[in-house]
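This report covers pockets, a central strand and a helix. Look over the sequence and the model first.

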Amino acid sequence: MKRSRINEIMAEADAMIRRFGFTLPPFAYWTPEEFRARAPEAQAVIGARLGWDITDYGAGDFDRMGLFLFTLRNGRLADLRAGRGMCYAEKLLISRRDQLSPMHRHIVKAEDIINRGGATLAVELFGSDPDGGFDVCAGGVVHCDGIERRFAPGEVIRLAPGASVTLMPGDWHAFWGEGGDVLIGEVSTVNDDETDNVFRDPIGRFSQVKEDEAPRHLLVSDYRRVFGG
């Protein structure tokens, strides 16, 4: 993706988030220069990979297949393994009209996917085979707002604003905005986008960025290059 397009998406996403009464945390608006200057005090932000995340899954067509994310908080894998401490994460996402977030599952993470406002969120579901692989014949059980719901393989559940679905590790899912753009909340166990996303098709989690202009704000995928580690 071109950095100029990423900058545009950031501005558009921030405007949509504000329209629904949310405000991103102060560090969201740091310039890259301010972020570098404040890095010593922001190690928790950097280490937890909080912040802006925009992906086209390496396919080069964001409007067709892509996702906007902002990680608001994220716990520690060490705490999750110990069974105590900060074991949770929270994100805001935007799924645009007919923009696919492709079929995938998580190894560790359980998550609530919540329609925070906008159009309908369509979620396509499949179960796993005994080894966790994608199984075109497998259905399963999820909970929608705490109510058990059995799904057939490939069934699409539709979440109106305010509705949610709870997905467990092994629940294969893809989603998109139906009829318009959707602001999505995600509340989950600790999030590790480097290792915990298993895609059905051979695609990448992060985009390759073409630096055609200066960054408006840093992406989480910029942190290793900018800050090391």
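Helices (H or I, at least four residues) and strands (E, at least two) are DSSP runs, numbered from the N terminus. The model is predicted: local features need pLDDT of at least 70, side-chain atom pairs count only at pLDDT 80 or more, and totals for chains, interfaces and linings use all residues. Residues are numbered from 1 along each chain as its sequence is written, and side-chain values use heavy atoms, with hydrogens and water left out.

## Largest pocket

A pocket is an open set of points on a 1 Å grid over the protein atoms alone, where a 1.4 Å probe fits, with protein on both sides within 12 Å along at least five of seven lines; lining residues have an atom within 4 Å of a point. Volume is the space filled by probe spheres set on the points, which are joined across faces, edges and corners.

The largest pocket holds about 310 Å³. Its lining counts 21 residues, and I46, G47, A48, R49 and E194 are the closest to its centre. Helix 3 (43–48), strand 2 (67–74) and helix 5 (223–227) each supply at least two lining residues. Helix 3 gives the most, with three. By class, the lining splits into seven nonpolar, seven polar and seven charged residues. Here Ala, Val, Leu, Ile, Met, Phe, Trp, Tyr, Cys and Pro count as nonpolar, Asp, Glu, Lys and Arg as charged, and the others, Gly among them, as polar.

## Second largest pocket

This pocket holds about 150 Å³. M1, K2, R5, D56, G60, D61, F62, D63 and K210 line it. Six of these residues are charged, two nonpolar and one polar.

## Strand 10

Strand 10 spans residues 172–189; 13 of its 18 residues are buried, so the rest of the structure largely encloses it. Buried means under 20% relative accessible area (1.4 Å probe, protein chains only).

Strands pair if DSSP finds at least two bridges between them. Strand 5 (residues 111–126) runs antiparallel to strand 10, joined by 14 bridges. V123 has F175 of strand 10 as its bridge partner. Strand 3 (residues 88–95) is also antiparallel to strand 10, over eight bridges, and L93 partners I184.

## Helix 1

Helix 1 (residues 3–19) has 17 residues and reaches 25 Å from first to last C-alpha, close to the 24 Å expected. The expected span is 1.5 Å times one less than the number of residues. Just after the helix, G21 takes a positive phi of about 85 degrees.

Buried residues of helix 1 include I6, I9, M10, A13 and I17. The buried residues of this helix pack (heavy atoms within 4.5 Å) against strand 1 (51–55), strand 2, strand 3, strand 10 and helix 5.

Note on methods
Buried means under 20% relative accessible area, exposed over 50%, partly exposed in between (1.4 Å probe, protein chains only).
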